[in-house]
Amino acid sequence: MKSDELILYNKGQNYKLYMIPALLAIVMMLMTGFLPTLNIVGEKEAGTIEQINVTPVSKWAFILSKLIPYWLIALFVVTSCLVLAWLIYGLTPAGPLWLIYVLAMLLALFFSSFGLIISNYSDTMQQAMFVMWFFIVCIMLLSGLFTPTRSMPDWAYLTTYVNPMHYFIDAIRTVFIRGGGLREVGHQLLALLTIGLFMATWAVQSYKKNN
């Protein structure tokens, strides 16, 4: 979805309509990326994670037990944001509401997996926080959240093809502003799913459990 095409559905150039849906990406990043990462690394520092590693609990069970609560909280926060956007700014999605939640969960899959990968290779919370922040800033600034991606140099624009936040923002604006449905955001959904599954596989494989 090109920015000039979105303008056709936002002729008043209301920046709130353009920015508020995209800010959901930051909500998902904080709730499903930063918090689980710091939680796991905090347990690693405290030594409590070793007590879990020597139990018969599988890697999948442990990882899901750490991520699902944050996913549920993130969905609640997204719902709250949508309600506040309606109450305060009068903004409601022009497209299907369920599609927003699907996009949010696919982005959560990426950030949770990405955070888990960082926590697997980090020994302290400070190390995890700095590494996470470095990559998140790059992902966020190159996603088209604040500036159109078409204004980037060619080498920087190439990064959008592997940037899940770019696909999410592109899709959420299409749903919110243009009223796009599943067909209009199909390739963004596929890209988010592919990247998310790749990162999830890497996250599980990199998690070391003592038997």
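Guide: Let us begin with K59, which lies in helix α5; a helix here is a DSSP run of H or I with at least four residues, a strand is a run of E with at least two, and both are numbered from the N terminus. The model is predicted, so local features need pLDDT of at least 70 and side-chain atom pairs count only at pLDDT 80 or more, while totals for chains, interfaces and linings use all residues. Residues are numbered from 1 along each chain as its sequence is written, and side-chain values use heavy atoms, with hydrogens and water left out.

Visitor: Why is K59 called partly exposed?

Guide: Buried means under 20% relative accessible area, exposed means over 50%, and partly exposed lies in between, with a 1.4 Å probe and protein chains only. K59 has 24% relative accessibility and therefore counts as partly exposed.

Visitor: What makes S112 count as buried or exposed?

Guide: The relative accessibility of S112 is 2%, so this residue counts as buried. S112 is placed in helix α6. Beyond residues up to four places away in sequence, S112 touches T32, L67 and W71, where contact means heavy atoms within 4.5 Å.

Visitor: Which class does A191 receive, and why?

Guide: A191 has 15% relative accessibility and therefore counts as buried. Its place is in helix α10. A191 and W71 are 120 residues apart in sequence, and their C-alpha atoms are 20 Å apart in space.

Visitor: How do you know that E43 forms a salt bridge with K66?

Guide: A salt bridge requires a side-chain nitrogen of Lys or Arg within 4 Å of a carboxyl oxygen of Asp or Glu. The closest N and O atoms of E43 and K66 are 2.1 Å apart, and the pair forms a salt bridge. Since E43 lies in helix α3 and K66 in helix α5, the pair ties together parts that are 23 residues apart in sequence. E43 and K66 are both buried, and the structure holds one salt bridge.

Visitor: What makes a set of residues a nonpolar core?

Guide: Such a core is a set of buried Ala, Val, Leu, Ile, Met, Phe, Trp, Tyr and Cys residues joined through side-chain atoms within 4.5 Å. The largest one has 60 residues, and L103, M165 and F168 have the most contacts inside it. Two or more residues come from each of α2 (15-19), α3 (24-46), α5 (59-89), α6, α7, α9 (164-178) and α10. The largest share of this core, 13 residues, is given by α6. Neighbours within four places in sequence aside, F168 is in contact with L24, A25, L103, A104, L107 and L192.

Visitor: What is called a pocket, and how much space lies in the second largest pocket?

Guide: On a 1 Å grid over the protein atoms alone, a cavity is a set of points where a 1.4 Å probe fits but cannot get out, whereas a pocket is an open set with protein on both sides within 12 Å along at least five of seven lines; lining residues have an atom within 4 Å of a point. About 290 Å³ of space lies in the second largest pocket, a volume being the space filled by probe spheres set on grid points, which are joined across faces, edges and corners. Among its lining residues are F110, F135, T159 and M199. The largest share of that lining, three residues, comes from α7.

Visitor: How is the lining of the second largest pocket divided by class?

Guide: Ala, Val, Leu, Ile, Met, Phe, Trp, Tyr, Cys and Pro count as nonpolar, Asp, Glu, Lys and Arg as charged, and the others, Gly among them, as polar. By these classes, the lining has 10 nonpolar, two polar and no charged residues.
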